[in-house]
Protein chains: 4
Amino acid sequence: MNAATTHWILTLVCRDQPGIVHAISGAVVEAAGNITESQQFSSNDTGTFFMRLQVESGIDRAGFEAALAPVTDRYGMTWELDVVGRPLRTLVLVSKAGHCLNDLLYRQRAGQLSVDLPLVMSNHPELRGLAEFYGVPFEQHAVTTPGQKLAFEDRVLEVVEQHDIELVVLARYMQILSPELCEALSGRVINIHHSFLPGFKGANPYKQAHARGVKLIGATAHFVTSDLDEGPIIEQNVVRVDHSRSPGELVAIGQDEESRTLTQAVKWFAEHRVLLDSARTIIFK
Amino acid sequence: MNAATTHWILTLVCRDQPGIVHAISGAVVEAAGNITESQQFSSNDTGTFFMRLQVESGIDRAGFEAALAPVTDRYGMTWELDVVGRPLRTLVLVSKAGHCLNDLLYRQRAGQLSVDLPLVMSNHPELRGLAEFYGVPFEQHAVTTPGQKLAFEDRVLEVVEQHDIELVVLARYMQILSPELCEALSGRVINIHHSFLPGFKGANPYKQAHARGVKLIGATAHFVTSDLDEGPIIEQNVVRVDHSRSPGELVAIGQDEESRTLTQAVKWFAEHRVLLDSARTIIFK
Amino acid sequence: MNAATTHWILTLVCRDQPGIVHAISGAVVEAAGNITESQQFSSNDTGTFFMRLQVESGIDRAGFEAALAPVTDRYGMTWELDVVGRPLRTLVLVSKAGHCLNDLLYRQRAGQLSVDLPLVMSNHPELRGLAEFYGVPFEQHAVTTPGQKLAFEDRVLEVVEQHDIELVVLARYMQILSPELCEALSGRVINIHHSFLPGFKGANPYKQAHARGVKLIGATAHFVTSDLDEGPIIEQNVVRVDHSRSPGELVAIGQDEESRTLTQAVKWFAEHRVLLDSARTIIFK
Amino acid sequence: MNAATTHWILTLVCRDQPGIVHAISGAVVEAAGNITESQQFSSNDTGTFFMRLQVESGIDRAGFEAALAPVTDRYGMTWELDVVGRPLRTLVLVSKAGHCLNDLLYRQRAGQLSVDLPLVMSNHPELRGLAEFYGVPFEQHAVTTPGQKLAFEDRVLEVVEQHDIELVVLARYMQILSPELCEALSGRVINIHHSFLPGFKGANPYKQAHARGVKLIGATAHFVTSDLDEGPIIEQNVVRVDHSRSPGELVAIGQDEESRTLTQAVKWFAEHRVLLDSARTIIFK
């Protein structure tokens with residue numbers, strides 16, 4: 001392929017019906033494109049069709065969009081067109097625990113995670129050094145009063161607008177977002193949450209897990225909705241533990257699962273592999 | 001070792017305090033025994049000491065017990081002495097689903113699970129052929145009225161007494177045991193339960209798991225208490241699933257986890273590897 | 001969908017080039033079909049395009065083939081059209097160990113594995129009872145001389161022809177197939193092989209694995225080629241072990257991995273999810 | 001426990017024989033100690049007995065050693081006495097790839113890995129910034145000629161002596177150690193190596209793994225012996241991959257397994273949980 005070739009990602013969502021693949025592949029032919037990766041899913045639950053394509057083509061964005069328009073119009077598609085590898089503009093929120101932030105920063109630098117990190121925001125000062133070692137600005141504001149919380153969230157929205165942020169990552173940010181912020185950023189906020197079999201509600205779940213003698217602990221990365229910890233699940237992992245582990249050790253083990261689970265979820269999101277089907281995610285991995 | 005050597009399992013539970021290991025290993029020396037496997041655990045939660053030993057010795061049971069008596073008396077120990085590989089007298093209760101029963105029967109015959117199965121009891125006729133292929137008597141009674149349920153449970157207790165049953169396995173027995181039966185067989189009934197991250201309550205959990213798009217499904221083997229599905233956990237496993245799985249496929253995948261998790265729990269119990277520390281299990285695997 | 005709707009599986013292999021998806025989806029539209037599952041892969045190694053579709057349509061086979069013909073001709077495609085859930089005609093070869101055969105039979109009966117098993121062949125008598133419990137004829141011939149081996153393999157080919165066998169499964173059949181038989185059944189024979197990290201050559205690999213203290217043991221299901229144990233890999237699994245395991249226990253643990261790995265490979269093959277790209281398999285799972 | 005209580009680790013190796021546990025637990029009683037963790041293993045292969053104890057006691061080192069001496073003398077034991085949590089003096093050798101070093105440094109700072117890192121040595125300059133961010137001195141010497149290699153290894157031995165180094169970690173150090181250095185540091189050098197099922201020899205194993213279509217890739221942490229990559233295995237992990245992964249992606253996935261596997265092995269070694277039984281490791285985890 002020549003130097004002008006672009007590697008495109010195209011995602012599509014519409015009502016399921018016959019002929020979609022033929023129509024969309026026709027638009028790709030029209031755009032002189034070659035499909036290099038393709039995944040689709042028809043949801044029986046909602047009657048919705050989902051598709052993700054990677055397409056190599058020498059065409060520019062305007063040309064590709066022109067080729068797609070008749071099809072996306074005809075089928076009433078929600079669609080997105082992006083370039084493979086474009087760094088996703090991402091805002092990270094943290095508190096004191098650095099395990100998730102460290103993993104995100106290390107992998108971003110190692111070239112394994114295509115995100116652009118204009119800022120890390122925190123309600124505590126502890127992680128400034130880590131962020132700055134990786135050259136990422138760090139902004140800290142106390143969040144101990146309702147007024148401070150409101151101000152912090154206003155600042156988040158300001159940063160989102162100023163940097164055209166596409167994803168907000170709660171990397172162990174230990175504050176509950178207001179319903180208004182959840183609503184404003186719906187589908188663009190990923191949180192990481194410890195997870196147990198069976199689940200435990202209330203304070204200090206690791207202590208409860210210990211008391212019950214659970215044999216598996218893990219983590220769930222999910223979209224944030226105003227329904228706390230109940231948003232659509234993106235990824236989950238578990239690891240085996242035994243009776244000899246103290247509550248403190250369970251925390252350390254759980255943190256490893258949190259890091260890798262959150263990073264995985266961010267990576268898939270950045271690659272447009274995460275689509276929403278009502279309360280479920282479709283993951284085109 | 002000569003022909004008369006026996007391979008003993010000794011389990012001990014007592015209040016934690018210094019000197020226990022020295023005392024008990026002294027009794028083993030007294031019994032001319034050689035410790036071939038040893039595990040211990042001191043619970044910080046309850047201040048209890050747990051130990052499991054395997055000992056090779058030419059001594060007979062009376063001799064071994066005599067050597068142990070001064071130590072078990074002095075420390076107020078709860079203890080059990082058994083012979084490695086002795087088949088555990090086990091009663092299996094089933095309903096219609098055969099996956100767990102098949103796994104238990106196959107492994108018992110393959111020599112991988114040391115249990116003696118004098119009877120399979122069921123509230124449905126479907127699994128008679130499977131049980132009888134493996135030469136295990138099968139007894140079926142309808143359980144559709146409260147009176148029938150009472151009669152079934154009375155028959156269970158009768159079988160437990162008649163065959164000196166040491167373990168009752170609920171291998172997808174789809175009836176809730178009465179609190180009275182739970183109490184009567186406390187610490188001797190193992191159940192298998194599907195498990196999800198996060199947990200789901202109520203009817204048709206696989207359907208709920210599907211709706212929420214869970215990425216891991218699994219199974220938990222636990223002791224039965226009158227607190228439904230909340231008894232001490234013995235073993236847990238999970239397997240990864242994705243959005244393309246139908247609720248029916250989730251059921252099939254979950255059944256595999258149920259079989260292997262239940263069989264594992266039964267095996268550990270039969271080998272005296274499962275001890276209770278309040279609501280937690282200590283697993284000496 | 002009405003009663004006459006069929007759920008088709010279509011697999012395609014051809015030289016990679018632009019326009020294939022558009023052409024094939026056009027043929028599906030022509031056949032009044034709806035694509036319910038679609039996976040594709042372009043191999044950079046061999047320049048080959050692979051596709052697997054599931055299509056719902058009211059059309060009959062002749063009609064579907066007529067709609068496909070212009071496309072498959074134009075692109076020089078190798079293709080197959082089958083009906084979802086049609087049982088694959090499968091011949092199983094065994095020796096003495098029953099763990100793999102038991103798993104195949106149990107899952108076939110449980111409706112989790114869509115195979116038709118007209119015969120089990122063995123060079124030993126031990127597994128007759130198991131096969132016959134599941135109602136599968138069992139044929140045993142000693143294979144201790146070169147002449148007997150030749151006769152056995154001739155009989156295999158005869159059975160393959162007589163029953164129009166599509167897959168031969170070596171479910172712990174402990175004889176090496178002749179190069180001639182491998183050639184005659186190329187791409188239609190699946191074997192299961194224990195696997196270790198690192199690999200061990202020669203006799204008694206479990207003993208070698210034990211001596212080296214490996215921490216993971218597993219199994220590999222692969223196509224049989226005349227290059228012994230080096231055919232394309234279909235599926236692999238491992239499980240964790242530790243220093244306390246005897247060589248005998250490693251064997252038992254390894255057998256579990258063998259069963260589930262082999263059954264998985266057979267299931268994917270029966271669903272036309274396994275395609276060959278030179279020495280690699282493409283698995284559309 | 002009062003302020004003067006110490007938490008000791010005691011490891012013992014001797015010829016297996018009756019009475020060892022009783023004798024050693026007697027010495028613990030003598031030292032007014034309480035056993036909080038205990039693991040033992042009798043190797044049938046070599047007739048060797050291995051034990052690891054954690055003991056709480058108010059006694060000082062000299063007192064504990066005096067209490068142990070009669071027993072360790074009588075049984076001809078090799079033994080070590082250390083304090084729980086004492087940082088292990090560790091020298092890390094690296095080349096260009098930073099994934100293993102990053103994981104070691106991050107976990108050391110996070111308090112999850114009890115090591116003292118006086119120096120990182122490398123034959124390349126790339127990782128200086130990472131080491132120095134964590135406050136660890138970094139020393140770089142080119143190793144492109146036999147003379148430079150000799151000088152590098154002499155410097156390693158000098159550092160080992162100067163800092164009383166207890167463990168040398170090859171964190172993707174891409175040079176083969178000379179047999180003389182392997183010998184001089186026998187049992188004190190841990191390496192990390194990618195691993196595949198089946199194994200691949202020779203250059204570019206990821207490319208070979210890709211060509212064969214392996215479904216699992218992983219890593220093995222092992223002691224370095226002069227027999228390259230064949231030293232006793234400490235830990236192994238694998239992760240699942242599929243046909244769509246490029247050789248480059250296999251490398252990235254493999255690196256994650258390398259990091260976590262190496263860090264785990266270092267952690268166990270630092271906690272005196274790794275003992276050698278001929279070519280096997282006993283891991284008391």
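C:His272 follows helix H8(C) and has a positive phi, near 55°. The model is predicted: local features need pLDDT of at least 70, side-chain atom pairs count only at pLDDT 80 or more, and totals for chains, interfaces and linings use all residues. Residues are numbered from 1 along each chain as its sequence is written, chains are lettered from A in the order in which they are written, and side-chain values use heavy atoms, without hydrogens and water.

Helix H8 of chain C covers residues 247-270, 24 residues in total. Helices here are DSSP runs of H or I with at least four residues, numbered from the N terminus. From first C-alpha to last, H8(C) reaches 34 Å. That is close to the 34 Å expected at 1.5 Å a residue, taken as 1.5 Å times one less than the number of residues.

Helix H3 (residues 99-109) of chain B packs on helix H3 (residues 99-109) of chain C at about 160°, with the axes 12 Å apart. Angles run from 0 to 180 degrees between N-to-C directions. H3(B) is therefore roughly antiparallel to H3(C) (over 145 degrees). B:His99, B:Asn102 and B:Tyr106 meet C:His99, C:Asn102 and C:Tyr106, with contact meaning heavy atoms within 4.5 Å. The contact residues comprise two nonpolar, four polar and no charged.

Chain B superposes on chain A by a rotation of 180° with 0.0 Å of shift along the axis (RMSD 0.0 Å), fitted by least squares on C-alpha atoms of residues with pLDDT of at least 70 in both. This is the relation of a two-fold axis. Of the interface residues of chain B, 100% are also interface residues in chain A, so the copies meet through the same surface.

Key
Helix = DSSP H or I, 4+ residues; strand = E, 2+ residues; numbered from the N terminus. Parallel < 35°, antiparallel > 145°, perpendicular 65-115°, else oblique. Nonpolar A, V, L, I, M, F, W, Y, C, P; charged D, E, K, R; others polar.
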